Amino acid sequence: MTGVSFNWELNVGHLVTFGVFTVGAIGAWFTLRFRVDEAHKRATAAEAKADAASLALTEFKLEAARTFVQTGMLKEVKEDLSREIRDIEHVVRGALMSALGTLAPSRRPPRAD
């Protein structure tokens with residue numbers, strides 16, 4: 001039985017294979033580097049958009065809080081004014097009825113004392 005022998009001689013086929021492998025490895029390296037750079041640029045742009053969206057959301061929340069407080073305050077003022085107007089209306093009606101009662105006593109039915 002003969003063992004497997006390995007021939008260390010270099011020929012053109014070996015050199016071409018090694019050259020193609022080297023060119024392919026260098027091409028893969030530059031392609032990978034380009035893709036990583038592009039991904040980094042997109043990530044930076046996405047981060048900037050996220051920061052802008054976060055800032056806009058914060059501003060919206062503040063504006064919503066201001067509007068809510070103003071709406072709540074306006075509702076409270078409206079209720080207070082409505083209550084005061086009803087009280088004034090009641091007083092005016094009472095005064096008007098009292099004044100009409102003193103001006104026209106003949107229209108009143110006679111008292112049974």
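Mentor: What follows is a walk along the helix, with the contacts and surface that go with it.

This is a predicted model, in which local features need pLDDT of at least 70, side-chain atom pairs count only at pLDDT 80 or more, and totals for chains, interfaces and linings use all residues. Residues are numbered from 1 along each chain as its sequence is written, and side-chain values use heavy atoms, with hydrogens and water left out.

Helices (H or I, at least four residues) and strands (E, at least two) are DSSP runs, numbered from the N terminus. The helix is H1, and its range is 12–103.

Start with Asn11, in the segment before helix H1. A polar atom of the Asn11 side chain lies 3.2 Å from the backbone nitrogen of Gly13. A polar contact is a pair of N or O atoms within 3.5 Å; within protein, one must be able to donate a hydrogen and the other to accept it, and residues adjacent in sequence count only if both atoms are side-chain atoms. Asn11 is partly exposed, because its relative accessibility is 42%. Buried means under 20% relative accessible area, exposed means over 50%, and partly exposed is in between (1.4 Å probe, protein chains only).

Next come the salt bridges, where a side-chain nitrogen of Lys or Arg is within 4 Å of a carboxyl oxygen of Asp or Glu. The count by this rule is four, and three of them are described here, among them the pair Lys41 and Glu38.

In that pair, N and O are 3.8 Å apart. Lys41 and Glu38 are about one helical turn apart, because three residues separate their positions in helix H1. Lys41 is exposed at 54%, whereas Glu38 is partly exposed at 29%.

Further along, Arg66 and Glu63 form a salt bridge with an N to O distance of 3.0 Å. They too are three residues apart in helix H1, so about one helical turn lies between Arg66 and Glu63. Arg66 is partly exposed at 47%, and Glu63 is partly exposed at 42%.

Asp80 and Arg83 also form a salt bridge, their closest N and O atoms being 3.2 Å apart. The spacing of Asp80 and Arg83 is three residues in helix H1, and therefore about one helical turn. Asp80 has 32% relative accessibility and is partly exposed; Arg83, with 39%, is partly exposed.

Then there is a nonpolar surface patch of about 470 Å², made by Leu96, Met97, Leu100 and Leu103. Patches are made of residues with over 30% relative accessible area and no salt bridge: like charges are joined within 9 Å, nonpolar side chains (Val, Leu, Ile, Met, Phe, Trp, Tyr) within 5 Å. Leu103 belongs to helix H1 and is exposed, at 70%.

Finally, the whole protein: of its 113 residues, 1% are buried. Its accessible surface is about 11,200 Å², with 67% belonging to carbon and sulfur atoms. Accessible areas come from the Shrake-Rupley method with a 1.4 Å probe; for residues, only the protein chains shown count as cover.
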